[in-house]
Amino acid sequence: MVKSEVARAWGFKGSAIVVYLSFLVFTLIVLLPVYWMVRSSLAPAADLIKVPLVYFPRPTLRNFQTLVEQVPFLQYVRNSLAYAVATTLTTLVVSYLAAYAFARIPFPHSGLLMWTLVLSMALPDVGTIVPLYRVLKNLHLLDTIAGITLVLSSTLTPFTVWVLVSFIKQVPYEIEEAAIIDGASLPRVLWHILLPVTMPGLVTMGLINFINAWNNLLYPLSFTTSPSSKTLSVAITEIFAGYSPWGKPWELIMTVGVTMTIPVVILVLFSQRAIVRGLIAGAIK
């Protein structure tokens, strides 16, 4: 009896060790590209091609200085921020109002319209480039932040509406009904009653949409041509097309990559509690 319990304890410990080792190996594999990106961005260009490899070169900010001197780097950063923030706010406002209509206001064929929105997410982005180009040209929005914001917001809205509908349906209608009986108007109900209780879902979707817009390459690459509207993702393709005495300027490409990663990491770190609350609330029906 005692031997069987000891064997069971050792078997449990052995399984735990295997699980921890698997997580450790998985974490190392995931973090290896991150380490290589940070190392390359902080290393002199000559250290990238040294043999044997220099795993921990002397850190320098020279690559960031080179980017500022040779490309409109700060302009690209401002464009990326404007593009991501504008897309996030536009998508959230439009989706919040549309989700309330789907969740609370009965109208003919609302289910069919909702499914049409959901099915529109299956459209490949590349397949819509030509018609979107013609639309932006007719609206005189080519090569503008407003144009690519409009396009990406229309792409992200269906999924955001779909998620927010479930959040709004979880809120008891009696709360809104009591406010309406007390004389509250619809804008007051949306702003003061419904918005606070759906905030975790809005924060989660806002973060997801911000990351999508911040990393988006297809629309800025297709619809922008001047530095006044290009983003950091486009800057990577332009730098990749250049050459240095050592071949491709990988140190500059990795520097742009680090610049694009830092805001996302900060956002996730400061919003992780809201994200968890939003995901948990979205999972409960």
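In this tour a residue is called buried when its relative accessible area is under 20%, exposed when it is over 50%, and partly exposed in between (1.4 Å probe, protein chains only). The structure in your viewer is a predicted model: local features need pLDDT of at least 70, side-chain atom pairs count only at pLDDT 80 or more, and totals for chains, interfaces and linings use all residues. Residues are numbered from 1 along each chain as its sequence is written, and side-chain values use heavy atoms, with hydrogens and water left out.

**Stop 1: two histidines in loops**

Select His109. You will find His109 in the loop between α3 and α4 (110-120). Helices here are DSSP runs (H or I, at least four residues), and strands are runs of E with at least two residues; both are numbered from the N terminus. Is His109 buried or exposed? His109 has a relative accessible area of 63%, so it counts as exposed.

Now look at its backbone. Most residues other than glycine have a negative phi. The phi of His109, however, is positive, near 60 degrees.

Next, select His140, in the loop between α5 (129-138) and α6. The phi of His140 is also a positive value, near 60 degrees. With 70% relative accessibility, His140 is exposed.

**Stop 2: helix α9**

Select residues 199-215, which make up helix α9. The expected span of a helix is 1.5 Å times one less than its number of residues. How far apart are the end C-alpha atoms of α9? They are 24 Å apart, which agrees with the 24 Å that its 17 residues should span.

Colour the buried residues of α9: Pro200, Gly201, Leu202, Thr204, Met205, Gly206, Leu207, Asn209, Phe210, Ala213 and Trp214. While you look along the helix, remember that an α-helix has 3.6 residues a turn, so residues three or four places apart point the same way.

**Stop 3**

Axes are lines fitted to C-alpha atoms, for helices over the stretch in contact, and angles run from 0 to 180 degrees between N-to-C directions. Angles under 35 degrees count as roughly parallel, over 145 as roughly antiparallel, 65 to 115 as roughly perpendicular and the rest as oblique.

To see where they meet, show side chains. Contact means heavy atoms within 4.5 Å. From α3, the residues making the contact include Tyr83, Thr87 and Tyr96, and from α9 they include Met205, Phe210 and Trp214.

**Stop 4: α6 against α9**

Bring in helix α6 (residues 145-170), whose axis is 11 Å from that of α9, at an angle of about 160 degrees. This angle makes α6 roughly antiparallel to α9. Among the residues that meet here are Leu152, Phe159 and Phe167 in α6, and Gly201, Asn209 and Asn212 in α9.

**Stop 5**

Move on to Asn216, in the loop between α9 and α10 (218-223). Asn216 is buried, with a relative accessible area of 13%. Which residues does Asn216 touch, not counting those up to four places away in sequence? They are Tyr83, Leu152, Thr231 and Ser233.

A polar contact is a pair of N or O atoms within 3.5 Å; within protein, one must be able to donate a hydrogen and the other to accept it, and residues adjacent in sequence count only if both atoms are side-chain atoms. A polar atom in the side chain of Asn216 lies 3.4 Å from the backbone nitrogen of Tyr219.

**Stop 5: Thr259**

Now select Thr259 in helix α12 (residues 250-283). Thr259 counts as buried, at 16% relative accessibility. Its side chain reaches the backbone oxygen of Thr255 at 2.8 Å. Leaving aside neighbours within four places in sequence, Thr259 is in contact with Phe64, Phe73, Val77, Trp214 and Leu232. You have already met Trp214 as one of the buried residues of α9.

**Stop 7**

Go back to α3 and pick Arg78. The side chains of Arg78 and Gln75 are joined by a polar contact of 3.3 Å.

Finish at Tyr35 in helix α1 (residues 2-42). Tyr35 is partly exposed, with a relative accessible area of 26%. Tyr35 touches Tyr55 and Phe56, not counting residues up to four places away in sequence. A polar atom of the Tyr35 side chain lies 2.4 Å from the backbone oxygen of Tyr55.
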